[in-house]
Amino acid sequence: MEPLSLLTPDAARALAGVIFDLDDTVLDHGALTEAAYGALFRLREAGLALIACTGRPAGWGEVIQRQWPIDATIAENGAVALVRGQAGPAAGAGHQGGLARSAGGGRVALLDAMDREARRARRAELVALADDVVRRFPAAALADDNDQRVTDVTIDIGEHRQVPPEDVQKMRAELRERGVRTLLSSVHLHLTRDPSDKATGVVRLLSTRFGEDPTRARHRYAFVGDSGNDGVAFAAFALTFGVANVRAHLGKLSVPPRFVASLPMGRGFAEIAHRIAELRKNAPAP
């Protein structure tokens, strides 16, 4: 890992966009600060496409897609995407300039590879399994954002209650035996049968909707994260950044972020955005 001061103008200038996690990366314990929100506009003004990437529900994704200066939102750990405009492929797919700036107005489309009825049936099965688990582990409860989810189900283990780590491990072991994949964030235990993760969800969107070459996209887009839940993305993209609180999670990361901010959460994100924008402004045109 290196300090932000070692990021070069060439590396910043080569970027087409920035992908970022939400919780504890842009958000401070769920709250959006003025510094972090301003950082999004700064990156946008520097000519970069912006993609939010989160384990939070599709309902959250729709809200931020409408209100934030971003081009797309990957929600539910890569299983679905939200974009402005129509649900089909973007006009002019195959362009080389990064994400298209959609003129789709206020409409937000949900992109899900699975048929709606099949998705509902799969999720109903997960809800039943989650109900069974929380009945037998009374320290846990279904998370309060489940009514906004499309593909997965979440159990609250650290947002409004604290579940002992040994109970979390027991729950994960039982769910694996039932063929359910689990993902662990700082606040939620996610139950899913989808194979997606944040990195594959982003690359799939860039490829299928915006015409990016999947391999090239991993070099044209930087990723910013904060925890072990971002490990796949840290390993997938060539240029990666961590806010300062990522240091507490390094033991869970096989590949750490290349550059780390000196400040945590939203202030760290603003620090990263400032560095990238300044280098792009001062670098000579390619």
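Start by selecting Phe269: this residue is buried, with a relative accessible area of 1%. Buried here means under 20% relative accessible area, exposed means over 50%, and partly exposed is in between (1.4 Å probe, protein chains only). Before you click on, note that this is a predicted model, where local features need pLDDT of at least 70, side-chain atom pairs count only at pLDDT 80 or more, and totals for chains, interfaces and linings use all residues. Residues are numbered from 1 along each chain as its sequence is written, and side-chain values use heavy atoms, with hydrogens and water left out.

How far apart are the ring centres of Phe20 and Phe269? They are 5.5 Å apart with the planes at 55 degrees, so the pair is tilted. Rings of Phe, Tyr and Trp (its six-membered ring) pair if their centres lie within 6.5 Å; planes under 30 degrees apart count as stacked, over 60 as edge-to-face and the rest as tilted. Phe20 sits in strand S2 (residues 17-20) and Phe269 in helix H9 (residues 265-282), so this pair ties together parts 249 residues apart in sequence. Helices (H or I, at least four residues) and strands (E, at least two) are DSSP runs, numbered from the N terminus. A search of the whole structure finds six aromatic pairs; for another stop, pick Tyr37, Phe41 and Trp68, which form one aromatic cluster.

Next, select all of H9. Its 18 residues should span 26 Å at 1.5 Å a residue, and the end C-alpha atoms are 26 Å apart, which agrees. The expected span is 1.5 Å times one less than the number of residues. Buried residues in H9 include Met265, Gly266, Ala273 and Arg280. What covers the buried residues of H9? Look for helix H1 (9-13), S2 and helix H2 (34-45), among others. Contact means heavy atoms within 4.5 Å.

Slide over to S2. Both faces are covered: Gly17 and Ile19 on one side, Val18 and Phe20 on the other, are all buried. S2 runs parallel to strand S5 (residues 49-53), joined by four bridges, and Val18 stands opposite Leu50 there. S2 also pairs in the parallel sense with S13, over four bridges, with Phe20 opposite Val224. Two strands pair if DSSP finds at least two bridges between them.

Time for another sheet. Four strands form an open, antiparallel sheet in the order S9-S10-S12-S11. Its edge strands are S9 (141-142) and S11 (181-184), each pairing on one side only. S11 and S12 form a hairpin with three residues between them, and four bridges join S11 to S12 (residues 188-192). Click Leu183 to find its bridge partner His190 in S12. Helix H5 (residues 165-177) packs on the sheet, touching S11 and S12, and its direction makes about 155 degrees with that of S11. Helix H4 (residues 116-136) lies across S9, strand S10 (153-156) and S12, at about 20 degrees to S10. Axes are lines fitted to C-alpha atoms, for helices over the stretch in contact, and angles run from 0 to 180 degrees between N-to-C directions.

Last stop: select Glu212, in the loop between helix H6 (198-208) and helix H7 (214-220). Glu212 is buried, at 5% relative accessible area. A polar contact of 2.8 Å joins the side chains of Glu212 and Arg220. Such a contact is a pair of N or O atoms within 3.5 Å; within protein, one must be able to donate a hydrogen and the other to accept it, and residues adjacent in sequence count only if both atoms are side-chain atoms.
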